[in-house]
Amino acid sequence: SPSLPSTTTDYTISGLTNFETYQVAVTAIFQPTYFIAVTTYDNTGTGITGANESDYSDEQSVAVGDPLDNQSDIVTSIPEPVVPFPNLPGEGCFIATAAYGYYSAPQVQSLRDFRDQFLLTNETGKTFVNWYYTHGPDAAQYIQKNTALKPLVRLLLYPLVIYSEFMTQTSFNTQLATVLLLATFLFFLVYLRITYKTNNTATLN
């Protein structure tokens with residue numbers, strides 16, 4: 001962990017590996033500092049007024065008390081290859097970015113959040129992301145050259161966007177309750193179908 005200068009507000013950490021998870025926290029050191037200059041004064045009552053006071057000494061800084069640490073929350077981040085914006089000819093870009101027209105589109109951000117929180121946290125997901133980064137740029141370039149395909153691609157991506165938003169923006173309890181509700185609904189449909197077929201068979205007999 002590099003040591004940051006006290007006046008630094010932005011800092012770039014270099015030498016990181018793409019798709020590896022890093023945790024970063026910042027610690028601020030607080031310690032009161034006083035600046036002191038000393039003068040001497042002769043109060044014997046002799047001399048002209050003001051002439052019996054010396055010049056001030058050079059100013060000195062004095063730290064008072066023990067330094068206090070104030071550490072920020074730990075932030076988890078995963079570096080990724082830089083995506084050019086605007087995307088230049090011959091350069092790679094994501095399919096969702098090409099479909100929605102710009103990198104910061106909310107739908108694209110939802111897919112990136114799902115990638116960071118779910119895909120890049122396991123080896124299978126990392127393998128898929130690496131495959132996507134290898135083959136995705138060709139598809140994205142094709143979509144950019146054939147703009148009529150963008151509405152269709154957005155339509156195909158819509159279920160993935162909704163699923164990504166649900167998984168990244170809702171609590172675990174909400175996700176669990178939704179899954180149980182869907183399972184109950186499907187069970188009810190199957191039950192109705194079986195009951196319907198059984199009644200029809202009984203009527204025919």
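1. A friendly place to start is Ser-110: once neighbours within four places in sequence are set aside, this residue is in contact with Ser-164, Glu-165 and Gln-169. Please keep in mind that the model is predicted. Ser-110 sits in helix α2, which covers residues 106-119. Why does Ser-110 count as buried? Its relative accessibility is 3%, and the cut-off for buried is under 20%.

2. Now to the rings. Searching the whole structure gives 4 aromatic pairs. One of them joins Tyr-132 and Tyr-133, with 6.0 Å from centre to centre and 45° between the planes, a tilted arrangement. Tyr-133 has a relative accessible area of 18%, so this residue is buried.

3. On confidence, the protein has a mean pLDDT of 78, and 82% of its residues reach 70 or more. Helix α4 (residues 150-169) has the highest confidence, at 91, while strand β5 (residues 68-71) has the lowest, at a mean of 73.

4. Two stretches deserve a careful eye. Over residues 1-5, pLDDT stays under 50, and the model has 2 contacts for them beyond four places in sequence. Residues 85-92 also stay under 50 in pLDDT, and here the model has 13 contacts beyond four places in sequence.

Conventions: Residues are numbered from 1 along each chain as its sequence is written. This is a predicted model: local features need pLDDT of at least 70, side-chain atom pairs count only at pLDDT 80 or more; totals for chains, interfaces and linings use all residues. Side-chain values use heavy atoms; hydrogens and water are left out. Rings of Phe, Tyr and Trp (its six-membered ring) pair if their centres lie within 6.5 Å; planes under 30 degrees apart count as stacked, over 60 as edge-to-face and the rest as tilted. Buried means under 20% relative accessible area, exposed over 50%, partly exposed in between (1.4 Å probe, protein chains only). Helices (H or I, at least four residues) and strands (E, at least two) are DSSP runs, numbered from the N terminus. Contact means heavy atoms within 4.5 Å. pLDDT is the predictor's confidence in each residue, from 0 to 100.
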